Amino acid sequence: MNRILIAEDEPRIAAFVERGLQSHGFATAVVGDGLTAYERARGGDCDLLILDLGLPVSDGFTVLRKLREGRITLPVIILTARDTVPDIVAGLEGGADDYVSKPFAFEELLARVRLRLRREVAPEATVLRVGDLALDLRTRRAHVDGRVAELSSREFALAEAFLRNPDQVLTREQLLSRVWGFDYDPGSNIVDVYVRYLRRKVGTERVETVRGVGYRLKAM
């Protein structure tokens, strides 16, 4: 059984992640500050660390830096509300294996946890591509027919959901869960608003409306 250390100082989020991981067969431990996270992570009794950046005592960047300076190769997934490009780049270049922004969908976090624990398979592709639309997961940029399209964090997450499921109809509820995570209003029209934003940047005809159901990404 894989053991996962959750370094998160927000009890509601920590409990949400822990319950979800335990329900899928993982053993978990939760710590609420960076110093304890570092001590537990370097102790060798966990297989993966889910790391918040805004931890008290010692922040997540410091924990990550100390682990990598100590040549500790424990897989680290950053889970944080800091979703700016500089923060994402700093986290990945600082040695994190993945970066998930809050609010988040548990299904996505679970998929990334499983991927990082699957050491025997090839690394995950860092570029998703459907037709002439490409999404670089490292630089967080979209490339449309040879040009760069700058996307906000929500637009990027929405585009990623579509590119991971090309030609599949995604319901509004699925998109709410994947992009806005557990902290969303099911009665909101936020999906429709952000689909309009995304269409302006990648092409109106690329994201097809399936009336009464949701949206589908078409290869162009």
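**Backbone exceptions and a covered helix**

In this predicted model, proline 103 lies in the loop that runs between strand 5 (98–101) and helix 5 (106–117). The peptide bond between lysine 102 and proline 103 is cis, with an omega of about -10 degrees. This bond is worth a look on screen, given that most peptide bonds are trans.

Two further loops hold a backbone feature of another kind. Most residues other than glycine have a negative phi. Arginine 140, however, is not a glycine and has a positive phi of about 60 degrees. Arginine 140 sits in the loop between strand 7 (133–136) and strand 8 (141–144). Aspartate 145 also has a positive phi without being a glycine, with a value near 50 degrees. Its place is the loop between strand 8 and strand 9 (147–149).

Are these two residues buried or exposed? Arginine 140 counts as buried because its relative accessibility is 15%, and buried means under 20%. Aspartate 145, in turn, counts as exposed because its relative accessibility is 61%, where exposed means over 50%.

Burial is also a feature of helix 6, which spans residues 153–163. This helix is mostly covered, with nine of its eleven residues buried.

How values were computed
Residues numbered from 1 in each chain as written. Predicted model: local features only at pLDDT ≥ 70, side-chain atom pairs only at ≥ 80, totals over all residues. Heavy atoms only, no water. Buried < 20%, exposed > 50% of the residue type's maximum accessible area, 1.4 Å probe, protein only. Helix = DSSP H or I, 4+ residues; strand = E, 2+ residues; numbered from the N terminus.
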